[in-house]
Amino acid sequence: MPGWDMLVLFACLMAVTYACRVAGFWLMGQVKVTPRVEAALRAAPSCVMVGIVAPAAMRGGGPEWAGLVVAGAAMWICRRDLPSALAALGVVALLRAWT
């Protein structure tokens, strides 16, 4: 069983996460959503994904690069983030298991 310090830390992390969500909803209520803002919001998930994947691909080997190629191809075909990420995850996991 975790100690009290871990439970307090977990509660603090939950509170900060909730505060960020509430602040985000409040802030977006104050911003006029123009087509330019909407385009930026639509691009944000892809930017986050690139920020996560790029360092792993640069440090990784063949399985990571193959996963990157599969993710790009899947994104080009289906134009959806989740299936692309799952396809890449599957390829990386299979190739890591075989090497």
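## Basis of the description

Helix axes are lines fitted to C-alpha atoms over the stretch in contact, and the angles between N-to-C directions run from 0 to 180 degrees. Helices are DSSP runs (H or I, at least four residues) numbered from the N terminus. The model is predicted, so local features need pLDDT of at least 70 and side-chain atom pairs count only at pLDDT 80 or more, whereas totals for chains, interfaces and linings use all residues. Residues are numbered from 1 along each chain as its sequence is written, and side-chain values use heavy atoms, with hydrogens and water left out.

## Packing of H2 against H3

Helix H2, residues 35-59, packs against H3 at an angle of about 140°, and their axes are 7 Å apart. The crossing of H2 and H3 is left-handed, a term used if the near helix is turned anticlockwise from the far one by less than a right angle, with right-handed used if the turn is clockwise.

On the H2 side, the contact is made by Val 53, Ala 56, Ala 57 and Met 58, and on the H3 side by Glu 64, Trp 65 and Leu 68; contact means heavy atoms within 4.5 Å. By class, these residues divide into 6 nonpolar, no polar and 1 charged. In this scheme Ala, Val, Leu, Ile, Met, Phe, Trp, Tyr, Cys and Pro are nonpolar, Asp, Glu, Lys and Arg are charged, and the others, Gly among them, are polar.

## Packing of H3 against H4

Helix H3 (residues 62-78) and helix H4 (residues 81-98) pack at about 155°, with 8 Å between their axes. The two helices are therefore roughly antiparallel. Their crossing is right-handed. H3 contributes Pro 63, Glu 64, Ala 66, Gly 67, Val 70, Ala 71, Ala 74, Met 75 and Cys 78 to the contact, while H4 contributes Asp 81, Pro 83, Ser 84, Ala 87, Ala 88, Val 91, Val 92, Leu 95 and Arg 96. The contact of H3 with H4 has 13 nonpolar, 2 polar and 3 charged residues.

Ser 84 belongs to helix H4 and is buried, with a relative accessible area of 4%; buried means under 20%, exposed over 50%, and partly exposed in between (1.4 Å probe, protein chains only). Not counting residues up to four places away in sequence, Ser 84 touches Ala 71, Ala 74, Met 75 and Cys 78. Ser 84 and Ala 57 are 27 residues apart along the chain, and 15 Å separates their C-alpha atoms.

## Loop residues

Most residues other than glycine have a negative phi. Arg 79, although not a glycine, has a positive phi of about 60°. Arg 79 lies in the loop between H3 and H4 and counts as exposed at 60% relative accessibility.

Lys 32 lies in the loop between helix H1 (4-30) and H2. Lys 32 is also exposed, with a relative accessible area of 69%. From Lys 32 to Ser 46 the C-alpha to C-alpha distance is 22 Å, and the two are 14 residues apart in sequence.

## Cysteines

The whole structure contains 0 disulfides, a disulfide being a pair of cysteine sulfur atoms within 2.5 Å. For Cys 12, the closest cysteine sulfur is that of Cys 20, at 13 Å, which is too far for a bond. Likewise, the closest cysteine sulfur to that of Cys 20 is in Cys 12. Cys 12 counts as partly exposed at 43% relative accessibility, whereas Cys 20 counts as exposed at 53%.

Key: Angles under 35 degrees count as roughly parallel, over 145 as roughly antiparallel, 65 to 115 as roughly perpendicular and the rest as oblique.
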